[in-house]
Amino acid sequence: MTDRAIEARALTKRYGDTTAIERIDLAVPSGSVYGFLGPNGAGKTTTMRMLTTLVEPTSGTATVAGVEVTDRASVVPNIGYLPEEPPLHAELTAREQLRYIAGLRDIPDPRAEQRITDLLERFSLGDDADRRISTYSKGMKQKTGIIQAMLHDPDVLFLDEPTSGLDPRAARTVRDTIADLTAGDATVFLSTHILPVVDDLADTVGVLYDGSLVTEGPPDALKQRAEAGDERTLEDVFLTVTGGIDGAA
Amino acid sequence: MPGVPNTHHAARIAATQLRIGWRKLRGKSVTHHFAVGLAVVAVTAMTPGITWVVYANAQSVVDGASAIGTLVPAGIGVVTVVMTAYLTVLQIGDIDVRDGYLTTVPARDVVGGLLAAGYVRVAGMFVPPLLVASVGLAGGVGRPLALLSAPIAVLALTTTAYLVGFPIGMVIAYALGQSAFVDRYKGALGAGAFVAYLALLLTDSLWTVAGPVIEAARASPVAWYTDLALITVPGADASALRAGAVLAGSVGVAALGVLASVRVSERRWYDDGAHADIRTTDSARGGRLDGVLGRPAAWVARKSWLRARRAPIKLLYVIYPVFVLFGPIQNSIAAGRVTATLPATLTLYAAWATGALFALNPLGDEGAVLPVTATSGVAGREVVAGLVAASALVGTPVSIVLAVVLGVLSPLSSVAVACLAVGGVVLPALAATVAAGVGASFPKYEATSMTRSREVVVPSLWSFGVYTIVFLLSAGIATGAQSPAVGSVLGSVLGVSTAVVHVAGLAVGLAVAGACAVVAGRNAVRAFDGYTADG
């Protein structure tokens, strides 16, 4: 894997006359957590979909795990992706779903079984793993989706609102898991509205507003930049930079 | 090899798709199971018949004396291509949780899985009987080796046709997804296509369209599958060269079909689709209806119209009984004039359809909004009045026009036409009230899949059936009595004039339908007022 897990240059996405993403540059080092913030409709999901190869950029370039995103078949084995709605088959049980994905990821059976069991236990899903996903609560589906995304130890993990619908204990498990992953050299690209999660975990925060990256940097630096000499929170930074381009630090 | 699916991944995806499909089927209602079971029984029952026909005609095919020899492969090929393309557009060409798959395995593997699962679904219903029929062929010609060559021909033909139909369906789906016009008017276009299909059936023109295609297939190498099937039968008019060529051609076409499927699927999934510009509209405004119905009932009516306009597919079930009208309509077309039975039949259908439009699932149709509606303070009678008004204001003008225009053009007497016109005025509102009462007793809250990506809540089968029976047995008296034959028979039995039978039939029919409507209306009001989420 290269030093840069994610690299984007002038990445742009247009739908007809509408510009969803305007020339954003990203450079996310391996083994780090990148907190991706922005108001609803700012273009966060579109950016993630371009980086996960689901959407073709209109212009610009991007590499993930050192592979051009235009080379989809080569990018896919290196990434895990949890979209806002976990991609699960409601008719399967969690264990069946995870075994299925492990098979598609070509994880050898004994290793897959061990990993599935460990992760199910870690997320307190072991007792419910043989129930159909259709009977799950939103939080249980979210946990299954997270396990599915990280099942193959991807180099780069894209998480879109991973703590959505989770109770505080499960949210804490997700945070701890992300911290563990990055300790093991994985990179996490994290989109969320839960600012304390980003504040706790992110090495770098980028704020997207109206399709443009309006500010980027370590959380502490951003907080200081928001108003020098005053104690500020990441929420203050977010509100300042997304109040309009003029408000960008 | 680029573009070629990984067979291990494809097989796993296909197996899981089939397993999911089976579990979905098991989760359906008893009536759905019954319908599927009926289809399976029908196919199973037909198989011996098909086998016998093949057995009886086998020798004439072998002797080259039968046109069936070329017609059968051409027919199977064309039907398989058309059916596959159609189902690919609607169902088998896409996959649930597509984003999850496309970030897990290459798209080509997903396509491979869809192809395999789709083949089982498309061919599952007609390939097994054809394979069994191979026994009839082998028996008919007295050559056991035909048990080998005939199934190979069946599988080669259906697989090749399937792999031609799949990319064609994908191209159509892709083209549809690239058109903002289609995106905006897909409801109207779908309805138009359905009406065009009905018109073909009603006018017996389907063969006019399909005939040349099948004839072209007969004149093409598709007919050579007969050579392949009969190549093991000594004395048969079968060419080894043609048999070999069609087998090799099948392999080549199938390979190209897989590659084309992968290519077009990738374009369909990754290219930006066209979307009609999102128009900001505010069609829901108060108006004169408020003064007539009162504001709550008027808003219930407006809400029904708005939802129907934006999602017309949910009303598709209203068109299904049109097939029952085929006989009277075809008779009129064949006769070149409006027959005596047509005005009453269509007026009755128009009234029935009016009732079924908005009132047949008054609770379930509210969907997730039902708890809000139920706790909003609106009274049950206002909801029912709104639904009946929504239906009657749309359907009554249609039923009046059908009754009067067709009645005048038909050989019906002026009394019968007048009675039909009165029925056209009164019956739609009564129908809607009956529908509301029946629908409240048999609500359906679960959504039904209309296409892979579209689920809508439609009335329950029980509502549909009970409403239809009650309405036909009551309102049917009013319209049925306008038939000259009925009027004549009853008139002579009762010793009254035909005109008296027409008027009396109308009065009795309206009285019975009215009584049903009173009972049903009260039931609907009570059901809404007493609604609780736990049933």
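**The A–B interface**

So, carbon and sulfur atoms give 56% of the area buried between chain A and chain B, and that area comes to about 2400 Å². Bear in mind that this is a predicted model.

How far did the predictor trust it? For the complex, the ipTM is 0.89 and the pTM is 0.81. Chain B has a mean pLDDT of 89, with 96% of its residues at 70 or more.

Now, who touches whom? On chain A, 28 residues are in contact, and they meet 27 residues of chain B.

On to the polar side of things. Between chain A and chain B there are eleven residue pairs in polar contact, with both residues at pLDDT 80 or more. As for which parts of chain A are involved in touching chain B, the elements giving two or more residues are β1 (4–15), α2 (72–75), β6 (79–82) and α3 (94–104), all of chain A. Of these, α3(A) gives the most, with six residues. And what is that side of chain A made of? You've got twelve nonpolar residues, eleven charged and five polar.

Which brings me to the charges. How many salt bridges cross the interface of chain A and chain B? Five, by the rule used here. If you want one to zoom in on, take Glu96(A) and Arg23(B): their side chains form a salt bridge, at 2.7 Å from N to O.

Methods: Residues are numbered from 1 along each chain as its sequence is written. Chains are lettered from A and ligands numbered from 1 in the order in which they are written. Side-chain values use heavy atoms; hydrogens and water are left out. pLDDT is the predictor's confidence in each residue, from 0 to 100. Contact means heavy atoms within 4.5 Å. Buried area is the accessible area (1.4 Å probe) that two parts lose on being put together, summed over both. A salt bridge is a side-chain nitrogen of Lys or Arg within 4 Å of a carboxyl oxygen of Asp or Glu. A polar contact is a pair of N or O atoms within 3.5 Å; within protein, one must be able to donate a hydrogen and the other to accept it, and residues adjacent in sequence count only if both atoms are side-chain atoms. Helices (H or I, at least four residues) and strands (E, at least two) are DSSP runs, numbered from the N terminus. Ala, Val, Leu, Ile, Met, Phe, Trp, Tyr, Cys and Pro count as nonpolar, Asp, Glu, Lys and Arg as charged, and the others, Gly among them, as polar.
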